[in-house]
Amino acid sequence: MKQRVAVLGSTGSIGVNTLDVVARHPERFEVFALSAASRVDPMLEQCARFRPVFAVMAGEAAGRALAERVEAERLPTHVLWGADALERIASHEEVDTVMAAIVGAAGLASCLAAARAGKRLLLANKEALVVGGELFMEAVRQGGATLLPIDSEHSAIFQSLPQDPATWADRVEKIVLTASGGPFRRRDPASLRDVKPEEACAHPNWVMGRKISVDSATMMNKALEVIEARHLFGLAPERLEVVIHPQSVIHSMVQYRDASVIAQLGTPDMRVPIAYGLAWPDRVTSGAAALDFATLADMTFESMDSHGHRDRFPGLGLAWDSLRAAPGTTAVLNAANEVAVEAFLAGRIRFDHIHSVNLATLEAVAPSKPHALQDLIELDAQSREAAHSAAARLGT
């Protein structure tokens, strides 16, 4: 029987790669639903190719525009729009697997809906864990969902851990997340104030969206991934480590109590963790090129304490700071960073001001423990307001 897949964020890079893997295995997977924010043309193309039952757009204008074109082309797809529609397809009784690839806190509600409905949830949305934290993990437990990480680093960790999660705390010494270092790994920290958006978006190894590319350049992506790892794998923050590995061949590692290390290697192609998540516990072809060890460049590693990396990437330490702070602090950090990156990409603040906005927001907002989605929404809004104020004060 085929897996029926809902791809949330289908026109983004993760969504497009997911559909590429799905198309390679028509005997295993079929597309039940797609969603996008506002890009009508690529969504129409996806509807024509995959003929989903539902297509959801974030806003009414885009939804109506898509509906007109779907009807004109006589496609069998029902077009919906809005947050309620997104949650509807994420929890639909006919959906087996949900690829959660909506960028930012906007994807949190649909992730929670899929978790509560007990879906096989392929999590490419960092914010579900960074913002949702224990609230999200409790929804996974109560709904009986199968949670499979799609970030290349967390997929690598998951593949390197023992099969029984109950043994992780006793058998594992630490988790080591690798980071490429992004485009500024060797840049003078004092010169980062002059970085332009196009420079920050030019990642040396990965093809990604603009927001995550900037996060890679600041290493805030790695800070968010540390927070994710804390919730996904249950180890204390002090047992999570980051090392810079510029070649992006080893995607992450697990060090065991006996000092042995198990790592997952692969080409820097997101179709590898996507295919693993779709087929788990099986393995299917992903379309990615295999590693050619004969031509593989030397693999190098750098400690965060070397080469001035602490000064170059001050945001990374905020992961451990926020995990040790009051519950809800990681949600504040996430909201601040989203606002700061948006302001940088729009030319309103300098690159080095991203960290300043994050710090100012953490100082301005004192969270209380979130008990429901509405608590997270209100905390997110409060944090964004504080971040916008901080960005306005720093504005260029």
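**View 1. Surroundings of Phe 136 and Cys 111.** Phe 136 touches Cys 111, Leu 112, Ala 115, Leu 121, Leu 123, Ala 128, Leu 129 and Leu 147, leaving aside residues up to four places away in sequence; a contact here means heavy atoms within 4.5 Å. The model is predicted, and local features need pLDDT of at least 70, side-chain atom pairs count only at pLDDT 80 or more, and totals for chains, interfaces and linings use all residues. Residues are numbered from 1 along each chain as its sequence is written, and side-chain values use heavy atoms, with hydrogens and water left out. Cys 111 is located in helix H5 (residues 108–116); helices (H or I, at least four residues) and strands (E, at least two) are DSSP runs numbered from the N terminus. With residues up to four places away again not counted, the contacts of Cys 111 are Ala 100, Leu 121, Leu 123, Asn 125, Ala 128 and Phe 136. Cys 111 counts as buried because its relative accessibility is 1%, where buried means under 20% relative accessible area, exposed over 50%, and partly exposed in between (1.4 Å probe, protein chains only).

**View 2. The nonpolar cores.** A nonpolar core is a set of buried Ala, Val, Leu, Ile, Met, Phe, Trp, Tyr and Cys residues joined through side-chain atoms within 4.5 Å. The largest one has 106 residues, and those with the most contacts inside it are Leu 66, Met 99, Phe 136, Phe 233 and Val 242. Helix H12 (residues 220–233) gives the most to this core, contributing 8 residues. A second, separate core of 20 residues includes Phe 184, Val 214, Ala 340 and Ala 387.

View 3. The pairing of S9 with S12 is antiparallel and spans 2 bridges, and Val 243 is placed opposite Ser 303 in S12.

View 4. The peptide bond from Trp 280 to Pro 281 is cis, with omega near 5°. Pro 281 belongs to the loop between helix H13 (271–279) and strand S12 (302–303). Ser 248, a residue other than glycine, has a positive phi, near 55°, and sits in the loop between strand S9 (240–244) and strand S10 (250–256). Ser 248 is buried, its relative accessible area being 7%. His 307 likewise is not a glycine, yet has a positive phi of about 60°. The loop between S12 and helix H14 (309–312) holds His 307, which counts as partly exposed at 45% relative accessibility.

**View 5. Ala 61 in helix H3.** Ala 61 forms part of helix H3 (residues 60–72) and counts as exposed, at 65% relative accessibility. Its C-alpha atom is separated by 8.9 Å from that of Trp 81, 20 residues apart along the chain.

Conventions: Pairing = 2+ DSSP bridges.
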